[in-house]
Amino acid sequence: MAITRADFPLPDVSDDLVAGYFFGAAAGEVRIPRCSACDRWCWYPEAACPGCGGELVWTATTGRATLFSWAVVWRAFLPAFADIVPFVTALVALEEEPSIRLVTMIIDVSSESLVADMPVEAVFRPLRFPTVPDREVIVPMFRPIEAVS
Amino acid sequence: MDDGPEWGHATEFGDIAGQVAIVGIGETAYTRASGRSAREIGAEAAERAITDCGLAPGDIDGLTYSAAFADFDVAAFHDHFGTSHEMWSSPWGGGMSWAGTAPYLAAKAIERGDARHVLNVFPVAWASQRGGMTGGPGEVHASQSLKQNLEVPFGWFPQPVYFATIMRRHMIEFGTKPEHFGAVAVAARWNANRNPDAVMHGKKMDLDDYAAAPMLAEPLRLFDSCLISDGGAAYVTASLDRARDLPHPPVVVQGVGEGISGSGQHWSQQRPFTSTPQVFSAPLAFTMAGLTPRDVDVLAVYDPFTVVTIMQIEDMGFCRKGEGGPFVEEVSLWWNGEGLPCNTHGGLLSHAYVLGIAHVVELVKQLRETASAQVYDCEVGVYGGYTGMHASTLVLTVDR
């Protein structure tokens with residue numbers, strides 16, 4: 001079961017199940033699988049709609065969400081994160097379907113100013129780790145909507 | 001947030017109240033890295049449990065173990081004991097939530113005539129394996145592709161980070177305070193200090209120590225998190241009639257429940273983020289037993305993080321939802337307190353991280369009145385198992 005993928009902990013964009021999320025981010029959108037038959041949003045991604053078996057299509061959202069919960073990570077549990085602690089990892093509830101929670105990082109704001117359920121918006125930033133040289137993946141991160149960078 | 005009644009369900013269990021009893025228990029040493037394999041640890045726990053109930057390995061004709069770990073299965077049993085007899089077995093036992101439901105599987109196997117004496121074993125060697133993600137709880141999670149691609153890259157990994165966000169949400173929704181989580185950690189350590197077998201025995205800790213410990217993932221501090229350990233335990237279940245012929249007072253299985261979340265296996269997507277499937281499990285187990293939370297003399301809840309103790313105490317009905325924080329502060333969890341003695345061996349937080357099997361063994365000791373941190377006049381013990389999307393409830397009494 002050991003993880004041998006050299007670019008870990010970057011996401012594996014060659015994994016068909018999740019590739020659409022990262023293609024979306026590269027295009028500046030938060031895309032979530034949505035059923036073409038019954039319109040249901042499906043998260044995490046699955047092979048087919050868990051409701052009706054219909055085809056799931058990566059569909060753009062507004063990229064707006066609310067801050068459901070967060071942690072300020074001080075301990076680098078993986079060596080890749082050693083240079084960025086402390087950082088804020090979070091769950092945000094999507095505006096279109098709040099039962100969908102995206103795991104993300106909150107950026108461009110001090111952790112002390114975070115407030116439960118505050119509105120946040122996606123920003124698309126390259127994720128890089130010093131342990132994975134010369135590689136990056138653009139991912140959705142989030143920041144408070146009031147914060148102007 | 002309206003979680004609705006449909007976010008999970010209970011497994012349909014037949015009424016087995018009073019049918020079977022736990023007749024033997026066995027434990028290995030609980031340690032930091034020992035260099036031993038889980039299989040060796042499992043064999044030792046099994047041997048001690050069989051000896052404890054006055055039986056021979058050839059009498060054990062049923063075995064339950066963990067499908068996820070499978071360190072001590074029928075082949076390992078026969079290898080260790082040099083036996084070759086037919087054995088009924090199920091991989092849906094072992095530790096975690098299944099430490100609470102294995103007696104149900106045993107009861108049904110015994111009822112069908114498939115077995116007379118059923119051994120449930122769970123060993124773990126995660127302290128020895130943790131180096132370099134070559135084993136242990138982190139690797140188990142990181143190897144799942146959705147977590148690896150949609151959670152780990154954002155630093156939402158490993159378990160202490162999940163539970164830091166669960167703590168935060170519990171604080172947001174219910175006003176739970178750091179000192180409430182601290183009360184759980186301090187009680188576990190207090191209890192461990194009464195138990196010479198606990199890894200943290202002899203290491204005192206109070207609320208000031210708790211607050212001074214490093215943040216791992218704010219709001220989660222070092223002592224909100226369980227240990228990483230090597231160790232294992234086992235217990236033997238038999239019919240109540242058979243149990244009465246064996247050396248120890250039978251510890252009778254009066255109620256069993258299992259709850260399953262419908263939100264899948266990922267913590268991030270659990271719809272009621274601050275509840276556990278105990279909501280579904282506990283009521284059935286208490287009903288089967290004809291008892292209520294008020295009747296419980298000693299509780300053992302799966303406590304990988306302090307917030308899980310609080311959530312389970314709420315979800316099992318010891319207090320109202322959201323009041324678990326003030327409850328654990330006002331109602332002592334100490335073995336010798338006036339409140340609700342909980343995890344009297346020290347729990348995953350301060351005894352050993354052996355994934356719940358030692359919790360059940362501790363309840364058996366309490367009901368036999370042989371525990372180190374013995375609760376006075378102990379007649380009813382309850383285990384609350386938890387594995388994220390699963391929870392179990394096991395209600396035990398003693399037949400003196």
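What share of the contacts in chain B with a separation of 6 or more comes from residues 24 or more positions apart? In this predicted model, such residues account for 78% of those contacts in chain B. The secondary structure of chain B comprises 15 helices and twelve strands. Its radius of gyration is 20 Å, close to the 21 Å that the globule rule gives for 400 residues, so chain B is as compact as a globular protein of that length. The C-alpha trace of chain B spans about 55 × 45 × 45 Å along its principal axes, and 63% of the 400 residues of this chain count as buried.

Within chain B, helix 1 covers residues 38-52. From the first C-alpha of this helix to the last, its 15 residues reach 21 Å, which is close to the 21 Å expected at 1.5 Å a residue. Helix 1 of chain B is mostly covered, with eleven of its 15 residues buried; among them are B:Ala38, B:Ile41, B:Ala45, B:Ala46, B:Ala49 and B:Ile50, and the buried set also includes B:Glu40, B:Glu44 and B:Asp52. The cover over the buried residues of helix 1 includes strand 2 (20-27), helix 2 (74-81), strand 5 (118-125) and strand 8 (230-239) of chain B. Just after helix 1 of chain B, B:Gly54 adopts a positive phi of about 75°.

When residues up to four places away in sequence are not counted, B:Val236 touches B:Ala49 and B:Ile50, together with B:Cys53. The contacts of B:Val236 also include B:Ile22, B:Val23 and B:Gly24, as well as B:His117, B:Val118 and B:Leu119.

The contact between the chains takes 34 residues from chain B and 33 residues from chain A. On the side of chain B that touches chain A, the elements giving two or more residues are helix 5 (137-142), helix 6 (145-150), helix 7 (159-174) and strand 6 (215-218) of chain B. Helix 7 of chain B gives the most to this side, with six residues. By residue class, the side of chain B that touches chain A divides into 18 nonpolar, ten polar and six charged residues.

Strand 6 of chain A pairs with strand 7 of chain A in the antiparallel sense over eight bridges, and A:Glu121 stands opposite A:Arg143 in strand 7. Strand 7 of chain A, which covers residues 137-144, contains A:Pro140. This proline counts as buried because it has 25 C-beta neighbours inside 10 Å, where 20 or more are required. Although A:Pro140 and A:Val123 are 17 residues apart in sequence, they lie 5.7 Å apart in space, C-alpha to C-alpha. Leaving aside residues up to four places away in sequence, A:Pro140 touches A:Ala122 and A:Phe124, and likewise A:Ala25, A:Val30, A:Leu102 and A:Thr104.

Key:
Residues numbered from 1 in each chain as written. Chains lettered and ligands numbered in written order. Predicted model: local features only at pLDDT ≥ 70, side-chain atom pairs only at ≥ 80, totals over all residues. Contact = placed C-beta atoms within 7 Å. Helix = DSSP H or I, 4+ residues; strand = E, 2+ residues; numbered from the N terminus. Nonpolar A, V, L, I, M, F, W, Y, C, P; charged D, E, K, R; others polar. Expected span 1.5 Å × (residues − 1). Buried ≥ 20, exposed ≤ 12 C-beta atoms within 10 Å, placed from the backbone. Rg over C-alpha atoms; globule rule 2.2 N^0.38 Å. Pairing = 2+ DSSP bridges.
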